[in-house]
Amino acid sequence: MADYVFNYYPQMNPSQDTIYAQASEHIQDFKFDAQVAGVFNDMIRRSVPGYAQIINTLGDIAKQYVQPHTQVYDLGCSLGAATLSIRRQIDDRQCQIVAVDNSQSMIERCQQNIDAYVSETQVNLVCADIRDIEINNASMVVLNFTLQFLSPQDREQLMAKIYRGLNPGGILVLSEKLRFEDEPIQDLLDGLHLNFKRANGYSELEISQKRSALENVMKPDTYPTHEQRLKAQGFRHVSLWFQCFNFASMVAIK
């Protein structure tokens, strides 16, 4: 399964993530710059349990929910794995995928990945803040580990905008790292995630330094918080469809 997903980029030689391999006295806040873009494929594979399954299933969901002559939005598209998975399943529907990321380095590499595959489905790559993007005539919106980097107020406003831009029956797929109010459960899942990263070759130094880099920029919500926010906007059907340790993906249907 993982080989299918992470071979989306045959034109790019995979680079190993060693960003936090050397000890540093001053850990800067994490950002999606050229350095991260260069190793992102390896980073996400070794850091996010279940990522391959989520990406593959996005295509299956698109096959069921994307309607002809509508738009699909991939908000926080990074290297384009979600966009490519979706495009493979909707190639005959005369749709447009709008893939957005605020990192120019990510957009440039994403363009290479998109160009590597011939398709009738147009992909409009946009380098912009997802909070500034208008959503309209959408049958599917994807936020793959993106919302957790926004402030709580911005999360509320973005969900409202997505709901307004979705057509009736349209679907939002929201993947996030989760936080848990139950402390023993939080400790258990944190420990399992740490073991996952260790098993994928990350050292204790790398794990510690990356945690420090992320603590000021990534603020996970609990699942009940996500559910309440989505239902408050008007989504009629909200559910968790996938969870692996403290990483999960949800669906919300208008």
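The largest nonpolar core of this predicted model has 47 residues. A nonpolar core is a set of buried Ala, Val, Leu, Ile, Met, Phe, Trp, Tyr and Cys residues joined through side-chain atoms within 4.5 Å. Buried means under 20% relative accessible area, exposed over 50%, and partly exposed in between (1.4 Å probe, protein chains only). Leu58, Ile86, Ile90, Leu125 and Met140 have the most contacts inside this core. Take Ile90. Leaving out residues up to four places away in sequence, Ile90 touches Ala62, Val66, Val72, Cys95, Ile97 and Thr121; contact means heavy atoms within 4.5 Å. A second, separate core has 26 residues, including Val100, Leu174, Tyr223 and Leu230. In soluble globular proteins, nonpolar side chains tend to be buried together.

A word on the ground rules. Residues are numbered from 1 along each chain as its sequence is written, and side-chain values use heavy atoms, with hydrogens and water left out. Because the model is predicted, local features need pLDDT of at least 70 and side-chain atom pairs count only at pLDDT 80 or more, while totals for chains, interfaces and linings use all residues.

Now find strand E2, residues 96-101. Helices (H or I, at least four residues) and strands (E, at least two) are DSSP runs, numbered from the N terminus. In a regular strand the side chains alternate between the two faces of the sheet. On one side of E2 sit Gln96, Val98 and Val100, on the other Ile97, Ala99 and Asp101, and all are buried.

Which strands pair with E2? Strand E1 (residues 71-75) pairs with E2 in the parallel sense over five bridges; two strands pair if DSSP finds at least two bridges between them. Asp74 has Ala99 in E2 as its bridge partner. From E1 the chain crosses through helix H4 (residues 81-89) to E2, in a right-handed β-α-β crossover. Right-handed means that, with the strands pointing away from the viewer, the path from the first strand over the helix to the second runs clockwise. Strand E3 (residues 122-127) also runs parallel to E2, joined by six bridges. Here Val100 stands opposite Val126. The chain goes from E2 through helix H5 (residues 104-115) to E3, and this β-α-β crossover is right-handed.

Finally, look at Leu194 in helix H7 (residues 183-199). Its C-alpha atom is separated by 9.0 Å from that of Ser47, 147 residues apart along the chain. Leu194 also touches Ile207 and Arg211, again not counting residues up to four places away in sequence.
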